[in-house]
Amino acid sequence: MSKASQQSELYNLLKRPIVTEKTTNLASLGQYVFEVVKNANKIQLAQAFELAFPGRKVCAVRLITVPARTKRYGKRIGQTQEKRKAVFSIQGEPIELFTGV
């Protein structure tokens, strides 16, 4: 596999940042929360984060699996999708995306 295709695969592991009151408080401690794909491991996620945000070193990655919840839509019963979140503890400059939120 070429290096460019490996980098594009790593970019696809991070879906979106999760910005809530709790994650904003964590950002002041140097921890950032992202929604990630379900089948990625900690090593791949650390590489993807360092590639997406150069100049920052990942110290630790914690993974959280959010289970699906049952929801009602009128008479019909459905389920939300299962999600996976990753909490990255970093060293280096804070990410501008989370500052001032």
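Here is a quick tour of this chain, from its overall build down to a few single residues.

This is a predicted model, in which local features need pLDDT of at least 70 and side-chain atom pairs count only at pLDDT 80 or more, while totals for chains, interfaces and linings use all residues. Residues are numbered from 1 along each chain as its sequence is written, and side-chain values use heavy atoms, with hydrogens and water left out. The chain holds three helices and six strands; these are DSSP runs numbered from the N terminus, with helices being H or I of at least four residues and strands being E of at least two.

**The chain as a whole**

- Reading from the N terminus, the elements go α-β-α-β-α-β-β-β-β.
- Along the principal axes, the C-alpha atoms fill a box of roughly 50 × 40 × 20 Å.
- Of the 101 residues in the chain, 34% are buried (buried is under 20% relative accessible area, exposed is over 50%, and partly exposed is in between, with a 1.4 Å probe and protein chains only).
- The accessible surface is about 7,100 Å², and carbon and sulfur atoms own 51% of that (areas come from the Shrake-Rupley method with a 1.4 Å probe).
- Among contacts with a separation of 6 or more, 60% come from residues 24 or more positions apart (contact means heavy atoms within 4.5 Å).

**The sheet**

- Four strands build an open sheet in the order β1-β2-β6-β3, with antiparallel pairing (two strands pair if DSSP finds at least two bridges between them).
- At the edges sit β1 (14-17) and β3 (57-66), each pairing on one side only.
- From one strand to the next, the twist averages 35° (axes are lines fitted to C-alpha atoms, for helices over the stretch in contact, and angles run from 0 to 180 degrees between N-to-C directions).
- Three bridges join β1 and β2 (residues 31-36) in the antiparallel sense.

**The salt bridge**

- The count comes to one salt bridge (a side-chain nitrogen of Lys or Arg within 4 Å of a carboxyl oxygen of Asp or Glu).
- Its partners are the side chains of arginine 16 and glutamate 35, at 2.9 Å from N to O.
- Arginine 16 is in strand β1 and glutamate 35 in strand β2, so the pair ties together parts that are 19 residues apart in sequence.
- The two residues also stand opposite each other, with glutamate 35 in β2.
- Arginine 16 is partly exposed at 42% relative accessible area, whereas glutamate 35 is buried at 10%.

**How the helices sit**

- Helix α3 (residues 42-52) lies across β1, β2, β3 and β6 (83-91), and runs at about 120° to β3.
- Helix α1 (residues 3-11) packs with α3 at about 100°, their axes 8 Å apart.
- That makes α1 and α3 roughly perpendicular to each other (65 to 115 degrees; under 35 is roughly parallel, over 145 roughly antiparallel and the rest oblique).
- On the α1 side, the contact uses Gln7, Leu10 and Tyr11, and on the α3 side Gln44, Gln47, Ala48, Leu51 and Ala52.

**Two residues to look up**

- Threonine 23 is in helix α2 (residues 21-27) and is buried, with a relative accessible area of 6%.
- Leaving aside residues up to four places away in sequence, threonine 23 touches Ile18, Gln31 and Val33.
- Lysine 75 is in the loop between β4 (70-73) and β5 (76-79), and is exposed at 83% relative accessible area.
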